[in-house]
Structure formats: C-alpha cells, structure tokens
Amino acid sequence: FYLFLFFVYKLHAMHFLKLILRNTLRHKLRTGLTILGIIVAIVAFGLLRTVVDAWYSGAEGSSEARLITRNAISLVFHLPIKYQDRIRKIQGVTEVTHASWFGGVYITEKNFFPQFAIDSKTYFNVYSEYIIPPKDLTSFINDRKGCVIGRKIADIYNLKIGDAVPIRGTIYPGVWRFTVRAIYDGIETKTDTSQFFFHWDYLNETKKRVIARSANTTNWVGVYAINISEPSRASQISEAVDKLFKDSLAETHTETEKAFQLGFVSMTEAIVVAIRIVSYLVILIILAVMANTMAMTARERTSEYATLKALGFSHSFISGLIYGESLVIAFLGTLIGILLTFPVASLFKTKVGTLFPVFGVSLETIYMQIIAAALIGITAAALPALRSAQASIVEGLRNIG
C-alpha cells in the first residue's frame with residue numbers, strides 16, 4: 001500500500017514539474033528576456049561582491065601572531081632604525097623586521113604595485129607565508145641592487161629572474177635600477193603576491209650620498225613587523241612596545257596586523273559602502289522586473305486557474321504552479337549567471353592588474369547569489385500567487401470566450 005502511494009506521489013510530482021516547465025516555455029521571448037536580465041544582475045552582483053572581498057583581502061590574510069609598529073603621529077612619519085634591537089628584547093617577541101614604502105613608478109603610472117625597502121636578512125623570516133627558493137633568496141641577499149617580486153607581478157609584466165626593472169622614484173627622485181633575483185609565491189591562494197621588495201641598506205646608503213645629512217632622513221624606517229609567540233598576548237606586547245618608546249623623539253603606535261590593514265580600508269570605507277549598496281540595488285531592480293513578469297503571466301492565465309479550481313484542484317496547487325515557474329526562471333538565470341561570473345571576474349582581474357592583490361570569486365559570493373535567486377523567485381511570485389489563489393471561479397470563468 002505504501003509503495004503504491006509512493007508511486008502515485010512520484011507520478012503526481014512528475015506531472016506537476018512537467019506542467020511548470022511547459023508554463024515557463026509558453027512565452028519564450030518574455031521568459032528569455034527575463035532570464036537574460038537575471039543573468040546580468042547576478043553577474044553584476046557577483047562581481048561587485050568580489051570587489052568588496054578584494055578590498056578586505058589584506059585584512060583577511062593577515063597573521064594573528066604579527067604586530068605592526070608605526071609612528072604614533074602618522075604613518076607618514078618614520079621611526080629610527082635603532083628601535084629594532086630594543087623591540088627584539090621584549091618578552092614574547094620572536095622576530096622583528098622593518099619595511100619602508102618606496103612609492104615608485106614602473107614605466108607608467110598605471111603599472112601600480114607596492115614597493116618596499118626591507119631588511120633582507122629578517123623580512124622573510126617574519127613573513128613566512130612568502131615562499132622563495134633558498135638559492136634565489138641567497139642570490140637576492142648578496143646583490144645590493146637585487147629585488148624580489150611576487151608571482152603576480154612576474155606574470156602580468158612577463159618578468160623573470162635576471163631581468164632589469166627600472167623604477168622611477170616619486171618620494172625618492174631618480175631612476176632606480178634593480179635586477180630580479182627571486183620570485184616569491186604565496187603559501188595560500190589569498191596570500192598577496194603583488195609586492196616588490198629591495199634592500200633597505202641600498203636605499204639608506206643612496207640617501208646618505210645624495211641628500212644632505214642635515215635633512216635627517218637616513219637611518220629611519222617606515223614600520224616594524226613583529227612576530228610574537230602567543231597571539232593571545234598581542235595587546236600586552238603592543239603596550240610594552242609603545243611604553244618602551246613613550247616620551248621619545250618618535251613615539252610608537254603598535255597594533256595587530258589585521259587592525260593595521262583595516263585602517264587602510266577605513267580610509268576608503270565610503271567607496272566600499274557605495275559598492276555594497278549598488279550590489280543590493282541591482283538585485284532589487286531585477287526583482288521588480290521579475291515581479292512584473294509573474295504578474296503578467298498570472299493575469300493572462302486567470303481563466304486557466306479558474307478551470308483548474310472548478311475541476312477540484314486546490315489553492316495550494318495553483319500557487320505551486322506560479323511559485324514553481326518563478327523559481328525555475330530565477331534559478332536558471334542564476335545558474336548561468338554564476339557560471340559567467342568566473343570568466344567576467346578573471347577578465348576584470350587582468351584589467352585592474354595589481355590594484356587588488358587577491359581577486360577571486362569566493363564560495364560566500366556564490367552562496368549569496370543563490371540566496372538572491374531564491375529571494376527573487378519567491379518574492380516575485382508571492383502577490384500573483386495570492387491573488388490567483390483567492391480569485392473566485394466565477395470571476396475567472398468570465399474571461400473565457
């Protein structure tokens with residue numbers, strides 16, 4: 001008996017789905033245009049959400065066991081190089097390195113990528129997520145004018161080990177010529193591989209030679225990166241570092257690497273908020289289009305729904321037909337939209353170059369696209385389904401003829 005009921009249920013479900021598909025394809029042009037609109041909306045939504053994710057990629061990829069120390073006044077002001085040895089002696093600190101922003105231009109201004117003068121002997125110990133072959137790292141350390149570039153830079157600009165890289169200085173005038181001695185890869189896909197590193201010693205020596213000593217610009221660094229033994233003690237160690245240099249010539253401000261990265265994001269928070277708003281507006285616009293399509297569909301089939309009611313079909317069956325058609329259209333457009341999001345994002349990635357260090361469609365974005373499809377399908381069908389279910393048989397049959 002239960003097996004018989006199961007087969008009856010399956011047969012009923014198959015006929016129900018067949019009826020939904022036939023209704024969906026009844027007006028092919030209208031359905032096709034609606035699906036096209038959903039595809040465009042889903043691709044736009046996915047791309048905008050990916051841009052937002054890329055904006056926060058630096059903070060998301062930061063280490064919990066790393067602190068950043070900068071000048072307490074502003075990042076623009078530097079810190080004395082002699083601070084490094086004093087920071088290393090603080091309990092809980094395992095390694096210290098330093099980096100200074102260079103701000104140069106490679107060939108043209110549109111070829112942007114971050115450039116840092118670093119302590120070559122300690123930097124890659126602190127940033128262990130950057131993977132460099134040992135022989136290449138040794139080659140870099142031994143070459144005063146050598147540089148290390150990320151894999152993303154190497155791929156975009158077709159650079160390889162041994163190539164010359166001229167950088168036109170903006171903060172530090174002149175053309176600085178470097179030789180690629182190593183290319184680093186990331187330990188994870190979210191690791192930033194769009195950076196350029198060279199010797200801080202080379203920068204400091206050049207400044208001593210070409211800039212007057214009275215300018216007091218040598219033997220200073222931009223920030224200190226500090227590895228700590230216990231992430232739970234980050235606040236305590238940060239206070240110890242800042243207390244060490246309190247009332248000194250250059251007081252410090254120490255925070256976690258994630259907080260440091262989020263500080264940069266907060267400078268452009270208005271742009272991020274605007275992108276988020278636009279992404280939701282895209283979904284609302286296509287929802288309005290979809291709702292209009294389903295309203296027209298339900299209005300045209302008033303007599304058909306009345307006939308079904310007269311034959312004994314329930315209100316839930318009528319509503320199910322409308323909801324089913326709406327969801328089929330929504331998910332079909334979303335499926336194609338999700339598939340197209342990946343090549344569109346890849347094309348966008350090539351256009352922006354190294355502006356976004358990490359740029360890729362995340363699983364969270366795909367889930368949000370699916371949720372958006374479900375909301376579009378259900379919401380667009382809600383009012384037409386309610387009206388069709390509540391309409392009387394007599395009013396519906398008046399439209400026949």
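Tutor: The model is predicted. Mean pLDDT for the chain is 85, and 90% of the residues score at least 70. Where pLDDT is low, the predicted coordinates should not be read in detail.

Now the pairs. Across the whole structure, a search finds eleven salt bridges. Take Arg66 and Glu257, whose side chains meet at 3.0 Å, N to O. This pair links distant parts of the chain: Arg66 lies in strand S1 (residues 66-71), Glu257 in helix H10 (residues 257-267), and 191 residues separate them. Arg66 is buried because its relative accessibility is 3%, under the 20% cut-off. Glu257 also counts as buried, at 6%.

Next, Glu205 and Arg144 form a salt bridge at 2.8 Å, N to O. Again, distant parts of the chain are linked: Glu205 is in helix H8 (residues 200-210), while Arg144 is in the loop between helix H6 (134-142) and strand S7 (146-150), 61 residues apart. Glu205 is partly exposed, with a relative accessible area of 36%. Arg144 is partly exposed too, at 38% relative accessibility.

Then come Lys160 and Asp163, joined by a salt bridge at 3.5 Å, N to O. Lys160 is exposed, at 53% relative accessibility. Asp163 is buried, with a relative accessible area of 17%. Finally, salt bridges with shared partners connect Arg66, Glu129 and Glu257 in one network.

Notes: Residues are numbered from 1 along each chain as its sequence is written. This is a predicted model: local features need pLDDT of at least 70, side-chain atom pairs count only at pLDDT 80 or more; totals for chains, interfaces and linings use all residues. Side-chain values use heavy atoms; hydrogens and water are left out. pLDDT is the predictor's confidence in each residue, from 0 to 100. A salt bridge is a side-chain nitrogen of Lys or Arg within 4 Å of a carboxyl oxygen of Asp or Glu. Helices (H or I, at least four residues) and strands (E, at least two) are DSSP runs, numbered from the N terminus. Buried means under 20% relative accessible area, exposed over 50%, partly exposed in between (1.4 Å probe, protein chains only).
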